[in-house]
Amino acid sequence: MDEPRIEPSADVDERAVIGAGTKVWHLAQVREEAVVGAGCVIGRGAYIGPGVRIGDRVKVQNHALVYEPAVVEDGVFIGPAAVLTNDRNPRAVTSDGRLKAERDWRAEGVTLRQGCSIGARAVLVAGVTVGRWALVAAGAVVSRDVPDFALAAGVPARRIGWVGRAGERLEPVGGGRWACPRTGERYQEADGTLAPA
């Protein structure tokens, strides 16, 4: 695989690790100790915080913000201007009026499991996990965990259906079974979870 391609206007800290074949586009910032895997695309103006871990073949679209200590597994899509937050109780100052410093709060990262997709301008609240191959709709606000293969939408986001690995909404075929209209792949639902059949 090729060497990483980093545009001259990108700000990539010398302590960050960028994998083979990864492209970091104009005005993106990758902070210290961040690790970005192989074959990724970091879009224009995207922000990757200190110590963030990003797997292989991940797309972080333009102006997405991934705050530390987020963990992003292989094959994840993060849409334009999506935000992965890290503070459940954000304040600029402490209760006695001092400007908050790093010691005054504990960062809590978002976890994105393999193959999931986050729609444009979605906001993920600190500490949530989005399951494998799940799909979060554009503009959603995710304040609780999203199960594997779930289609989540709204404010606050809730599961409104199931999606397969191809990203298509699944169709019911009876007996708790679901099928992908594009690939024919079958899934089985049990106790509020979905798995390949």
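**View 1. Strand β19 (residues 135-136) pairs with β21 in the parallel sense over 2 bridges.** This is a predicted model in which local features need pLDDT of at least 70 and side-chain atom pairs count only at pLDDT 80 or more, while totals for chains, interfaces and linings use all residues. Residues are numbered from 1 along each chain as its sequence is written, and side-chain values use heavy atoms, with hydrogens and water left out. Strands are DSSP runs (E, at least two residues), numbered from the N terminus. Two strands pair if DSSP finds at least two bridges between them. Strand β21 covers residues 150-153. Its A150 and A152 point one way, and L151 and A153 point the other. All four residues are buried (buried means under 20% relative accessible area, exposed over 50%, partly exposed in between; 1.4 Å probe, protein chains only).

**View 2. Strands β21 and β22 form a hairpin with 4 residues between them.** The two strands pair in the antiparallel sense over 4 bridges. Strand β22 covers residues 158-162. A150 stands opposite W162 of β22. In the hairpin, G154 takes a positive phi near 105 degrees. The peptide bond from V155 to P156 is cis, with omega near -5 degrees. P156 lies in the loop between β21 and β22.

**View 3. An open sheet of 9 strands has mixed pairing.** The strand order is β1-β4-β7-β10-β13-β16-β19-β21-β22. The edge strands are β1 (5-6) and β22, and each pairs on one side only. Strands of a sheet pair through backbone hydrogen bonds, either parallel or antiparallel. Within this sheet, β13 and strand β16 (residues 117-118) pair in the parallel sense over 2 bridges. Here I78 stands opposite I118 in β16.

**View 4. G79 sits in the loop between β13 (77-78) and β14 (83-84).** Is G79 buried or exposed? G79 is buried, with a relative accessible area of 0%. Leaving aside neighbours within four places in sequence, G79 is in contact with Q61, A64, I118, G119 and A120 (contact means heavy atoms within 4.5 Å). The C-alpha atoms of G79 and G131 are separated by 16 Å. These two glycines are 52 residues apart along the chain.

**View 5. Y47 and Y67 form a tilted aromatic pair.** A search of the whole structure finds 2 aromatic pairs. Rings of Phe, Tyr and Trp (its six-membered ring) pair if their centres lie within 6.5 Å; planes under 30 degrees apart count as stacked, over 60 as edge-to-face and the rest as tilted. For Y47 and Y67, the values are 5.2 Å centre to centre and 45 degrees between the planes. Y47 lies in strand β8 (residues 47-48) and Y67 in the loop between β11 (65-66) and β12 (71-72), so the pair ties together parts that are 20 residues apart in sequence. Y47 is buried at 13% relative accessible area, whereas Y67 is partly exposed at 29%. The loop between β11 and β12 also holds P69. The peptide bond from E68 to P69 is cis, with omega near 0 degrees.

**View 6. An open sheet of 4 strands is paired antiparallel.** The order is β23-β24-β25-β26. β23 (171-174) and β26 (193-196) stand at the edges, each with a single partner strand, so one side of each is left without a neighbour in the sheet. Strand β24 (residues 177-179) joins strand β25 (residues 186-190) through 3 bridges. R177 has Q188 of β25 as its bridge partner. In the loop between β25 and β26 is D191. This residue has a positive phi of about 55 degrees although it is not a glycine. D191 is exposed, with a relative accessible area of 82%.

**View 7. The structure holds 0 disulfides.** A disulfide is a pair of cysteine sulfur atoms within 2.5 Å. C40 is buried at 1% relative accessible area. The sulfur of C180 is 17 Å from the closest cysteine sulfur, in C116, again too far for a bond. C180 is buried at 4%.
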